[in-house]
Amino acid sequence: MKIESKSLVSLDVETRWNSTYLMLESVIKFQDAFDLLEEQDSKYRSELLSLKGLPNEEDWEHVRCMLPFLRGFYTSTLHISGSLYVTRNNYFHEVFGIGAMIKKKMITSDDGFKKMATKMKEKYDKYWSNSSNINVLLFIAPILDPRYKLGYVSFIISQTYDEEKAKNLCDQVEKVLRDLYAHYSHEVGVINENSTSSSEKVDEEIVIDVDDDPTTFLNNQYKRLLEENSSGTAAKCELDWYLGEQCESLDNKFDILSWWKKNQVRFPVIAAIARDVLAIPASTVASESSFSTGRRVLDAFCSSLTPKTVEALICCQNWLRSKNVPIDIEESFEALENYEAEVKDLPQAISALTFFDAVLYSFSMLFYAVFWFGVDFEMICSCFFVLLKGLWMFCVLSN
């Protein structure tokens, strides 16, 4: 039949999100096998005919058209359920991306797709149509992503909601963002205000006549011009500077945590906000996985482990499964030199063991065996002389 796939066919499970997609994705590879079963297996035909009938070519074509649509849901659930990377900033894209996919299928020419998409849109609107019920932190997280910021969030909102709802939601998002910034400014200890007012600058200004010092006078004139030109941007706070900068390129390999680590000196307040907001997982999969790991470590046979030991085991497992950490070559060489020094002193420690000490230790062990275990005395004596001969040769060779 020339079926190249070596995968297995999976069944649909009602309690699992992606089981329908995984079932269809695996079964489409074995269409020829199912067609052959229909021809040669009478039990297969009778069982399916008693249910909903045998799959025909139209059914297989419908599965092929359905797979790309369901693949979007599959990838979205994988993106927001990860545990080794930040997921909070991805949740916004996945939620509204799914809404856009459903809208697109509602205007397709396929009546089956259109009917299915209409039902899905009703369920989608149940959670996302009322903007007042949405947690605003959902919109804050992508703003803290330097690839998107506020402009992208405003664009998506305008594409999703009507004009009035979009305007109200954008105003609410910006207000919450600035309230967060004001709160964290006091926490971090950064005050983004002009140190002096324009009137104070005029009072501090030293008026110098051109006849007294022409160079100083011209420098003061130029300084005043620069201050007037920059008066429109002087009042900008750190948040305005961040939002006004050009966005980073849309790279899938972009590491948002590394970016904030490098730029926390430039934006200390926003970096503090990002540290707290981006640390929130988008789903409970990561925490549930931690509890599952805990149950595997602390089971009925290992129930006496202390909390510190359990924590150490779980952390070690997480570190071993994480990405590779570069090895410190200098530290490795130092450890190797220390190990070689210890091994070098080992023969001297062995040679210090005298023949009398070895015999005394062996005799005591044999006496212990006779006394406690009732071992045959003749067998003990024969073993003792063999051991004595070996110890004598060992001491001679080592000296």
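Guide: A residue is called buried under 20% relative accessible area, exposed over 50% and partly exposed in between, with a 1.4 Å probe and protein chains only. This is a predicted model, in which local features need pLDDT of at least 70 and side-chain atom pairs count only at pLDDT 80 or more, while totals for chains, interfaces and linings use all residues. Residues are numbered from 1 along each chain as its sequence is written, and side-chain values use heavy atoms, with hydrogens and water left out.

Visitor: How many aromatic pairs are there?

Guide: The count comes to 16 aromatic pairs. Rings of Phe, Tyr and Trp (its six-membered ring) pair if their centres lie within 6.5 Å; planes under 30 degrees apart are stacked, over 60 edge-to-face, and the rest tilted.

Visitor: Which helices hold Phe69 and Phe113?

Guide: Phe69 lies in helix 4 (residues 57-80) and Phe113 in helix 6 (residues 111-128), so the pair ties together parts 44 residues apart in sequence. Helices here are DSSP runs of H or I with at least four residues, numbered from the N terminus. Phe69 is buried, with a relative accessible area of 3%, and Phe113 is buried at 4%.

Visitor: What sits over the ring of Phe113?

Guide: The charged end of Lys105 does, 4.8 Å from the ring centre. The rule asks for NZ of Lys or CZ of Arg within 6 Å of the ring centre and within 35 degrees of the ring normal.

Visitor: Moving on, where does Lys149 lie relative to Tyr242?

Guide: Lys149 lies over the face of Tyr242, at 4.5 Å from the ring centre. Lys149 has a positive phi of about 65 degrees although it is not a glycine, and it is buried, with a relative accessible area of 3%. Its place is in helix 8 (residues 149-160).

Visitor: Which residues of helix 8 are buried, and which are exposed?

Guide: Lys149, Leu150, Val153, Ile156 and Ile157 are buried. Seen down the axis of helix 8, the buried residues fall within an arc of 130 degrees, so they line one face of the helix; the arc is that of the directions from the helix axis to the C-beta atoms. On the other side of helix 8, Gly151 and Gln159 are exposed.

Visitor: What do the buried residues of helix 8 pack against?

Guide: They pack against helix 5 (88-106), helix 7 (137-143), helix 9 (163-188) and helix 13, where contact means heavy atoms within 4.5 Å.

Notes
Helix = DSSP H or I, 4+ residues; strand = E, 2+ residues; numbered from the N terminus.
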